[in-house]
Amino acid sequence: ALAAAPGASASKSIQTGLFDDAQILWGNPDKVFPMLKSLDTQLIRVNLYWNIGAKRRPANPLNPNDEAYDWSPWDRAVQYGSQYGIKVVLSIVGTPPWANGGAAQNVPPTNVLDLKKFAQAAAKRYGGAFEGSDGRTLPAVRSWLVWNEPNNPVFLSPQYRQVAGKWVIQSAVAYAKMCNAVVAAVHGTTGGASKVACGVTSPRGNNDPGSSRPSVSPLAFLRALKAAGAKGFDAYAHHPYYGKPRETPSTPPPTIGGAKPTAVTLGNFDALVGELTRLYGGKVRIWITEYGYQTRPPDAQFGVTYAQQAAYMKQAYAAAKANPRVDMLLWFLLRDEVRLEGWQSGLLTASGTKKPAFAAFQKLRG
């Protein structure tokens, strides 16, 4: 897994972190951030919801102080992060209704320039020299993500459309424009001081435009993204989740009818690395911006035991660190969701009890 070039050294710069908006963005920061510090957390991923931060069209979208903007949850997150020595990875997601004709938040903007202007305002606000509403200079954010799992219809729709009788991977076409817009906005605003990752892909896809829930597999999406003109990003992000509870981080996804698997998990991560290198060269970095194992209890269908979760976390970190291209591994979640239909991959149970993975995460970096 995560195969590197022969003779290449392991990653010397890999950072570990957590992604849990319910706790980090919306929870009690005076409780959450000391806990993050105790976990030796280096990074936190935080979704920057465009549809929440700009509920109406701004009169001057390039001005972070436009009255239409509400940055308060993100100002708080970056300020607390700085206070506790934790860096923030901001992921711009969610189209507001005014930007896509009143459609849902997973429908791309009608005019990608609206997204670019929002990204410019955000990059300026979190560029390291902007004064917040309380008079304090807001800390800099140097890592950015463009959207979340655009090969999954939950986050970007439609996935396909017919052109001249042929199916086109529309999600990649739309996302290429979104990627380029945010890359240009962040790089142009920060003078190249901040890095932007595109992709942020989910591990699976059915590649079936005629299904009831069409989606695109990671490698097919990456190829379509290249064909659609995506360029200039510093890193490619992916979420290499396991498929079944019996899969360890080194288990490759199963073949179907003798064909190569279309999923990209940690067990065959080298397939993604190889395709990324073929299409974009060897300098594009790789970010694992979501990973985790759900536990049983409470999830009887997808969960592993508490001990397995901790062990698999260590194995996943070792695999990621073994590849010199991988810069980060972000675990999802800090605390289990209360809803059983949600996610139970936290280091804590929903009631706040520490799982063995809590101590394992603390010790990941030695």
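**Exercise 1.** How many disulfides does the structure hold?

*Solution.* Start with the ground rules. This is a predicted model, where local features need pLDDT of at least 70 and side-chain atom pairs count only at pLDDT 80 or more, while totals for chains, interfaces and linings use all residues. Residues are numbered from 1 along each chain as its sequence is written, and side-chain values use heavy atoms, with hydrogens and water left out.

Now look for a pair of cysteine sulfur atoms within 2.5 Å, the cut-off for a disulfide. The structure holds one: Cys179 and Cys198, with sulfur atoms 2.1 Å apart.

**Exercise 2.** Work out where Cys179 and Cys198 sit, and whether they are buried or exposed.

*Solution.* Next, check accessibility: both cysteines are buried, meaning under 20% relative accessible area with a 1.4 Å probe, protein chains only. Last, the link is right-handed, with 95° about the S-S bond.

**Exercise 3.** Find which strand pairs with E7, and in what sense.

*Solution.* Strand E7 (residues 195-201) pairs with strand E8 (residues 235-238) in the parallel sense, over four bridges; DSSP has to find at least two bridges for a pair to count. Along this pair, Thr201 stands opposite His238 in E8. Then zoom out: E7 and E8 belong to a closed barrel of eight strands, E1-E2-E3-E4-E7-E8-E9-E10, with parallel pairing.

Terms used
Helix = DSSP H or I, 4+ residues; strand = E, 2+ residues; numbered from the N terminus. Buried < 20%, exposed > 50% of the residue type's maximum accessible area, 1.4 Å probe, protein only.
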